[in-house]
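Thanks for coming, everyone. Let me put the model up on the screen, and then we can walk through it together.

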Amino acid sequence: MLFSGIPFLFYFLPLVLALYFAVPKKLKNSVLLFFSLVFYGWGEPKYLFLMLFSITQGYVFGLLIEKSRGKKSSKVFLSASVLVSLLLLSYCKYADFSIETFNSLTGLSVPLLKVALPIGISFYTFQILSYAVDVYRSVVPAQKNYIKLALYISMFPQLIAGPIVRYSDIVSQLDTRTHSLENAAYGIRRFVIGLSKKVLIANVLAELGSAFKESTQQSVLFFWLYAIACTLQIYFDFSGYSDMAIGLGRIFGFRFLENFDYPYISSSITQFWRRWHMSLGSWFRDYLYIPLGGNRVGKMRWLFNIFVVWFATGIWHGAAWNFVLWGLMYAVLLVNEKLWLLKRLNKSKVLSRIYTMFFVVIGFVIFDADTVDSAFGTLEHMFGFGGVSAVTGETLYYLKSFAVVLVIAIIGSTPLVKKLCQAVKNTKAGSFVLSVAEPICIVLLLTACTAYLVDGSFNPFLYFRF
């Protein structure tokens with residue numbers, strides 16, 4: 001079930017809201033947990049048992065870690081929990097990838113296991129891992145109530161596309177949280193904005209990407225048009241889902257941390273990764289980079305730590321070598337910035353932003369490719385190699401057809417609209433106009449999204465890889 005689908009918007013979500021706010025406070029967690037399990041099991045019920053097993057082992061080991069705190073056995077229980085979580089993730093996500101790699105290196109033909117990837121397993125596995133580690137570090141006490149821990153891990157707003165919510169950030173909200181019209185209004189507004197980003201921008205840009213891949217008249221300009229559309233699509237898709245998750249969470253009284261902060265205005269790759277998928281970046285920093293020693297080690301070990309983290313970041317996004325290449329590319333760029341380039345970038349805001357967006361676009365071309373070879377093939381054509389024309393009539397047709405949405409996406413990926421609204425809101429007349437216009441705009445956006453979805457238009461789901 002997708003947030004950007006008619007069944008979720010007009011059947012599932014209204015039913016959840018009606019029952020959630022109808023039951024007394026002590027039953028709200030149970031109702032939300034029940035519907036979260038229904039949501040996850042909707043497409044493939046068998047994977048629901050895998051998630052419940054993961055939750056249960058996290059719950060049991062969390063209690064054992066706390067009970068044996070200060071003893072060697074506490075670390076043993078932590079290691080066991082981490083091992084179980086990683087083995088489940090590795091089997092489901094990387095078993096066939098490992099076999100394919102082995103076959104390509106040895107020339108053998110070991111049959112694939114053909115393991116289907118459970119949606120969201122990368123997200124909920126990381127939440128279980130961080131919970132176990134935080135209990136071990138005494139950051140949080142072990143959760144005694146199974147329902148509360150299960151709700152934290154399986155809560156449907158953030159289950160399949162993030163952000164990666166840490167237990168320490170919402171533990172108090174599992175016990176006590178505020179429900180108000182103000183929170184509900186903010187949540188609805190944030191959800192509809194996220195839905196619009198996904199349906200009206202990301203999905204339309206995905207149509208351009210699909211047309212490019214099916215075209216027989218590709219050109220250098222068309223390759224760049226595809227690369228820019230892909231870069232914008234991924235941002236609006238991913239940030240749109242994060243907006244929807246944050247909005248839904250607020251309606252139910254939860255406050256999830258922000259996941260994106262206008263990353264495309266960054267003036268360095270370092271800054272880009274502080275603004276892009278912030279919950280993942282901070283997770284790798286706190287649970288992998290710092291435990292490895294971070295930057296408080298010798299230079300060679302520090303470089304090793306960076307490359308380990310970015311190898312893990314790449315492979316987390318998908319079981320394919322193009323994701324590994326994507327992650328390692330950023331490792332090289334970040335090392336260069338830390339060693340010498342960052343000081344030079346600070347001297348020119350214009351050149352630093354061009355440099356940053358150039359490599360971000362290149363990165364997402366690699367990210368979106370099916371294989372490393374196809375990624376290099378696309379990059380080759382983008383720079384005029386490979387015998388393609390500079391421009392074709394078909395390229396100009398698609399450029400004209402998608403020009404408006406491309407311009408909207410480019411402007412929407414910057415804080416310009418937010419700043420303009422804030423400036424208008426700071427005036428008395430403007431504040432009144434916005435208070436009237438905002439709910440009308442939200443209704444119109446929801447209507448437009450509904451019309452798009454009812455029409456059966458293109459509605460891809462990027463998170464099957466996660």
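Let me start with a question: in which loop does Lys114 lie? Lys114 sits in the loop between α4 (72–106) and α5. Its phi is near 55 degrees, a positive value in a residue other than glycine. Lys114 is also exposed, with a relative accessible area of 72%; exposed here means over 50%, buried means under 20%, and partly exposed is in between, with a 1.4 Å probe and protein chains only.

Before going on, a word on what we are looking at. This is a predicted model, in which local features need pLDDT of at least 70 and side-chain atom pairs count only at pLDDT 80 or more, while totals for chains, interfaces and linings use all residues. Residues are numbered from 1 along each chain as its sequence is written, and side-chain values use heavy atoms, with hydrogens and water left out.

Now the overall picture. The protein has 19 helices and 0 strands; these are DSSP runs numbered from the N terminus, H or I of at least four residues for helices and E of at least two for strands. Along its principal axes the C-alpha trace spans about 65 × 65 × 50 Å. With 466 residues, a compact globule would have a radius of gyration near 23 Å, and the protein agrees, at 23 Å. That radius is taken over C-alpha atoms, and the globule rule is 2.2 Å times the number of residues to the power 0.38. Buried residues make up 51% of the 466. As for contacts, meaning heavy atoms within 4.5 Å, 76% of those between residues at least 6 apart in sequence join residues at least 24 apart.

The expected span is 1.5 Å times one less than the number of residues. How much of α5 is buried? The count is 15 of the 16 residues, so the helix is largely enclosed by the rest of the structure. Just after α5, Ser138 takes a positive phi of about 65 degrees.

Next comes Leu149, in helix α6 (residues 146–154). Its relative accessibility is 0%, so Leu149 counts as buried. Leaving aside neighbours within four places in sequence, Leu149 is in contact with Ile55, Gly58, Tyr59, Tyr131, Gln143 and Tyr167.

Another residue with positive phi is Tyr262, near 45 degrees and again not a glycine. You'll find Tyr262 in the loop between α10 (220–251) and α11 (269–275).

My last stop is α15, residues 349–368. Its 20 residues should span 28 Å at 1.5 Å a residue, and the end C-alpha atoms are 28 Å apart, which agrees. Which helices do the buried residues of α15 pack against? They pack against α9 (181–214), α10, α11, α13 (299–317), α14 (321–345) and α16. Among those buried residues are Tyr355, Phe364 and Val365.

Not counting residues up to four places away in sequence, Thr378 touches Val365, along with Phe223 and Tyr226. At 13% relative accessibility, Thr378 counts as buried.

That's my tour, so over to you for questions.
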